[in-house]
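Subject: Structure for you to look at

Dear colleague,

I am passing on a structure that you have not worked with before, and my notes on it follow below. Please read them with the model open beside you.

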Amino acid sequence: MHQGSPLRRRRKRGGLAHGIGRTKGGRNTKLHAVCDTKGRPCVLLLTPGNVHDCKIAQLCIEAMPPSAELVADKGYDSQALRELLVARGTEPVIPPRKNRKIQYDYDRAIYKQRNVVKRMFCRFKDWRRIATRFDRNIKNFMGAISLAAAVIWWL
């Protein structure tokens, strides 16, 4: 069989095929998550490290039912994301970036609940396999994350 045959299948190789992208800190993978008020992971998405947060945030938010408010950090401050949240009836509790022309107000008392998200990610980092990304294959890595998420959900 020669290379031009349609029956021959090539496997994907390289960083992008395994969810690894180049960032300032080197080769990296990002875990995007949405959690509930108790810090239990509800939506998990894995992307290469060089993918912008706001592009993936819309997918994560659409996977959840509408809520009263959504708390996120400055990395998720975009007009498109704010409009999506308002259209869903959700109040965006996202501090604006310093260079934003329109500085939006946000509820600082509700924003203090963002530590719930940080604690959820710290629980993931308790799993050494996830914190150091032992798995080269993205499917195996996502499987380890899913297993950890199931344990975190019930503990």
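In the hairpin of β2 and β3, where 5 residues lie between the strands, G39 takes a positive phi near 85°. Strands here are DSSP runs of E with at least two residues, helices are runs of H or I with at least four residues, and both are numbered from the N terminus. This is a predicted model, in which local features need pLDDT of at least 70 and side-chain atom pairs count only at pLDDT 80 or more, while totals for chains, interfaces and linings use all residues. Residues are numbered from 1 along each chain as its sequence is written, and side-chain values use heavy atoms, with hydrogens and water left out.

Strands β2 (residues 26-35) and β3 run antiparallel and are joined by 7 bridges (strands pair if DSSP finds at least two bridges between them), and A33 has L44 in β3 as its bridge partner. Of the 8 residues of β3 (residues 41-48), 6 are buried, that is, under 20% relative accessible area with a 1.4 Å probe, protein chains only.

The loop between α5 and α6 holds R133, whose phi is near 50°, a positive value in a residue other than glycine. R133 counts as buried because its relative accessibility is 17%.

With kind regards

Definitions and conventions
Buried < 20%, exposed > 50% of the residue type's maximum accessible area, 1.4 Å probe, protein only.
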